[in-house]
Amino acid sequence: MRYTTIGSGERARQVSVICLGAMKFGSQVGDAESFAILDRFVERGGTFIDTANNYQFWVEGFTGDESETLLGRWRAARGITDEVLIATKFGARPRTPGGGLADAEGLSAKAVRAAVAGSQQRLGMDRLDLVYPHREDRSVPLEETLGVLAELVEEGQVGLVGASNHRAWRLERARRLSDDRGWPRYEVAQLRYSYLQPRFDIPLPEAGHMHATVDHLDYVAQENRDGRPLALVTYTPLLYGAYVRADRTLSYPYEHPGTAARLKVLREVAAECDATPNQVVLAWLMGGDPAIIPLVGVSSVAQLDEALDAVDVELTAEQRSRLDHAG
């Protein structure tokens, strides 16, 4: 395993360069398999796990408590403390059972404090390592959300703060507000991103997903060059298995000529590296500018091992150039 640093100053944390997504743990992935995956991740040096306070409320029979609750049981059973960073998200949990995103708790100061307390209880953590607003809430002044997060950091209830599914200009506006008031900045951004690129004039079918744009990538890279650390974590990097499984089709936004061209080069490079297309995608993400921490969701130990083996895939400059310019 390799490691990178997220955050700055006394709150900086070293984490594995691959983050394990726990979205389906305790719901679509049962307890025994979830524990086996988590154990294997730690055995192989993984130290960064992602969840949210609403995973997976949209699946019939589940409430949104399941992922955090399972992670809390696993931490207690294994004696896990500060050696593994658990990131969680809030703001997109329905306020009433059976509700949807239109009924989301939002990002008011009251909602943020209640969400943090709920996650602390489910995870069994007095201090949450990293929290993200899960999505934008423009009904609440940005100052209100940033202000309560600053209070929670000052109180020792939260370590690092980041933002998930926020537009680049919103990240910059939050950065300026935080700097002006001496509040902790968003030091991690989480967005959807992979090697294949969708059309941006067609919405993604997944509700709530925000794909990283050229502006996002440029913004993150510039923030780091300017000495304001901003890590980029990207979800859905393997597109639900579509790179390697014939039964997994790409959604409509990916149906354009660039997709076939990029897949052709991806498969060529995978053969040259004696790696799977999934592993090349992850290596490409981790080795880019800005470097990306891929958030990988798996449902078996075998899938996890394939993903973690990507850490050892080294792309040459020529291979990376071909991948970058294909399509």
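This is a predicted model: local features need pLDDT of at least 70, side-chain atom pairs count only at pLDDT 80 or more; totals for chains, interfaces and linings use all residues.
Figure 1. By class, 20 nonpolar, 16 polar and eight charged residues make up the lining of the largest pocket. The space within this pocket amounts to about 1200 Å³. Its lining comprises 44 residues, of which M23, K24, T236, Y240 and G297 are the closest to the centre. Strand β11 (292–297) and helix α9 (301–308) are the elements that give two or more residues to this lining.

Figure 2. Sixteen residues line the second largest pocket, and R167, F200, M210, H211 and T213 are the closest to its centre. Helices α5 (168–181) and α6 (214–225) each contribute at least two lining residues. The lining divides into eight nonpolar, four polar and four charged residues.

**Figure 3. Salt bridge between D305 and R44.** The structure holds 32 salt bridges. In the one shown here, the side chains of D305 and R44 meet with an N to O distance of 3.0 Å. D305 belongs to helix α9 and R44 to the loop between α1 (31–43) and β4 (48–50), so that the pair links parts of the chain 261 residues apart. D305 counts as buried because its relative accessibility, 18%, is under the 20% limit. R44, with a relative accessible area of 23%, is partly exposed.

**Figure 4. Salt bridge between D50 and K89.** The closest N and O atoms of this pair are 2.6 Å apart.

**Figure 5. Salt bridge between R322 and E272.** The side chains of R322 and E272 meet at 2.9 Å, N to O. R322 lies in helix α10 (residues 317–325) and E272 in helix α7 (residues 257–273), so the pair ties together parts 50 residues apart in sequence. R322 is partly exposed at 23% relative accessibility, and E272 is partly exposed at 44%.

**Figure 6. A network of salt bridges.** Side chains of opposite charge can pair when their charged atoms come close. Here R11, E172, R175, R176, D179, R185, E187, E223, D226 and R228 are linked in a network of salt bridges.

**Figure 7. Surroundings of T5.** T5 lies in strand β1 (residues 3–6) and is partly exposed, with a relative accessible area of 49%. Leaving aside neighbours within four places in sequence, T5 is in contact with A12, R13 and Q14. The C-alpha atoms of T5 and A231 are separated by 8.3 Å, although the two residues are 226 residues apart along the chain.

Conventions:
Residues are numbered from 1 along each chain as its sequence is written. Side-chain values use heavy atoms; hydrogens and water are left out. Helices (H or I, at least four residues) and strands (E, at least two) are DSSP runs, numbered from the N terminus. Buried means under 20% relative accessible area, exposed over 50%, partly exposed in between (1.4 Å probe, protein chains only). Contact means heavy atoms within 4.5 Å. On a 1 Å grid over the protein atoms alone, a cavity is a set of points where a 1.4 Å probe fits but cannot get out, and a pocket is an open set with protein on both sides within 12 Å along at least five of seven lines; lining residues have an atom within 4 Å of a point. Grid points are joined across faces, edges and corners, and a volume is the space filled by probe spheres set on the points. Ala, Val, Leu, Ile, Met, Phe, Trp, Tyr, Cys and Pro count as nonpolar, Asp, Glu, Lys and Arg as charged, and the others, Gly among them, as polar. A salt bridge is a side-chain nitrogen of Lys or Arg within 4 Å of a carboxyl oxygen of Asp or Glu.
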